Structure formats: C-alpha cells, structure tokens
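Subject: Structure for your files

Dear colleague,

Here is the structure you will be working with.

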Amino acid sequence: MDSIRREFELLDSSGLEYQCWVSDVETTFMAKDYTSTIKPSADAAPTTEKDKAHALMFLKRHIDPNMRWGHHHLKTPKELWNALESRFGNIYDSLLRQLTLQWNEIRFLDYVKVNDFQKNMIQIQARLDFCGKKLTDEEMIQKTLSTFPTFSTILTNQYRLEVDNKGITTFSRLINLLQVAERHNEILVNNNVRDVGKKKVLEVNYGKVNRGKNPKGKRA
C-alpha cells in the first residue's frame, strides 16, 4: 500500500505548478507501474482494479483538499487525470500575463539575500518556459544588473565590464559572484561589530587553564 506521506507538493487550486506536478506524477507512476491507469496503451499489461484504486488514492492525496472534494464523484484515476488536464492544461494563456508582470516587477534591490532573489528568478524562468516563453541568460543578467540599488553603481559597472569582456556569460555565474561578495560583506560586518582599537577580551578562565597545564610558569 502507498505510504501516507506525500511524495511531492500538492497541486493547488490555482494550477501554477500543474506541469511540475504532472511530471512528478508521471515519474512516480512509472516507478510504481501505474502509468497505464491514466494512460492506457494497447502494449501495456491490463490494469487491475487494485492498481486503479491505489493510483486514484495517490492522485487524490496529492491535490488540494478543496479540489479533492470537487472531484470526489470521479471513480477512476483516468477520469480524475483527464478532469485536471481539462482544467489546467490550457492555463498558460491566463498565466502568461501574470508571469510577465512578475518578471517586469522583480528587482534585485528588493532582496536581502542573493539566494532568495535567485530562487524567485529561477521560478519565474521555469514557469515562463512552461508557457512557451524562454528567458535567456543574457536577459536574466541584464535584469539583475539593471535593478541594483543606486548606491552600488560602481559595483554594477564592474559586473557590466565583466559581462562585456565575457567573464560573465551565465546567470548562475553572476549569482555565484554575488554570493561570494555577500559572504565577504558579512565577514566585514562581523569584524566591525567591536569598536575600533578594542582588543577581544580573553575568557575569564583562560589564565586558570594555562596555569593548570604549566604550574611552574609565572603568573601573567
């Protein structure tokens, strides 16, 4: 019997992750030999009622509870699979405008962490790709550099020079450099927490530990 735990994210009622969800289901069903329950084939072995029941439970367990109740009357995995495809299969047209707006509005300066910006950029890129619009590395690099905060103009120009000289040709390369710079900045901030000219105070028992190891030594 299938495990009670979910093996990937639920398909929500908005259908934003429909294609990813379909890919996850197809991969899992291939591993479980359930593919023929949603995609019957003349070459495939006949599906048993037990397999259909397991496949139906699996699908229902991986969709939003509200949709589960809305499709409660469907009795086979293929019926549910077809119903979801009918609902979300052409969702690209309605999503494209929303995703284009997200792409136009995303700005590097709005993020505290480089990694958070990267995750949202990759997410928008993947969704636009599903809708038939591909974002190139050049577009993602230019979007990043054009939305730097104004106080980082010098740094922005340095990165642009690297791009012009082919030192940066991919979005992932730019993100790696930004993450390195971010770590260096964090180190500088940590090192400047203590006032200038103030040496770090040793722990109280530092002298005791030393005297214990070398009792004949002079006291500091």
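Predicted model: local features only at pLDDT ≥ 70, side-chain atom pairs only at ≥ 80, totals over all residues.

Residues are numbered from 1 along each chain as its sequence is written, and side-chain values use heavy atoms, with hydrogens and water left out.

Whole chain

The protein chain has eleven helices and zero strands; both are DSSP runs numbered from the N terminus, helices being H or I with at least four residues and strands E with at least two. Of its 220 residues, 30% are buried. Buried here means under 20% relative accessible area, exposed means over 50%, and partly exposed is in between (1.4 Å probe, protein chains only). The accessible surface of the chain is about 15,400 Å², and carbon and sulfur atoms account for 52% of that; the areas come from the Shrake-Rupley method with a 1.4 Å probe, and for residues only the protein chains shown count as cover. Taking contacts between residues at least 6 apart in sequence, 59% join residues at least 24 apart, where contact means heavy atoms within 4.5 Å.

Helix 1

The end C-alpha atoms of helix 1 are 21 Å apart, which agrees with the 21 Å that its 15 residues should span at 1.5 Å a residue. The expected span is 1.5 Å times one less than the number of residues. Tyr18, Trp21, Val22, Val25, Thr28 and Phe29 are the buried residues of this helix. Viewed down the axis of helix 1, they fall within an arc of 140°, so they line one face; the arc is that of the directions from the helix axis to the C-beta atoms. That buried set packs against helix 2, helix 3 (49-61) and helix 5 (77-88). Thr27, Met30 and Ala31 are exposed on the face turned away from the buried side.

Helix 6

Helix 6 covers residues 92-105, and its 14 residues reach 19 Å from first C-alpha to last, close to the expected 20 Å. Leu95, Leu99 and Trp103 are buried in helix 6. Down the axis of helix 6, the buried residues lie within an arc of 75°, so they line one face of the helix. Their cover includes helix 7 (114-130) and helix 8 (137-145). On the other side of helix 6, the exposed residues are Asp93, Ser94, Arg97, Asn104 and Glu105.

Single residues

Glu182 lies in helix 10 (residues 171-191). Glu182 is buried yet has no salt bridge, and Lys113, the nearest side chain of opposite charge, is 4.7 Å away. A salt bridge is a side-chain nitrogen of Lys or Arg within 4 Å of a carboxyl oxygen of Asp or Glu; Lys and Arg count as positive and Asp and Glu as negative, with His and the chain ends not counted. Setting aside neighbours within four places in sequence, Glu182 is in contact with Val112, Lys113 and Val114.

Most residues other than glycine have a negative phi. Asp33 has a positive phi of about 60° although it is not a glycine. Asp33 sits in the loop between helix 1 (18-32) and helix 2 (35-38), and is exposed at 60% relative accessibility. Lys166 also has a positive phi, near 65°. Lys166 is found in the loop between helix 9 (153-164) and helix 10, and is exposed with a relative accessible area of 65%.

Regards
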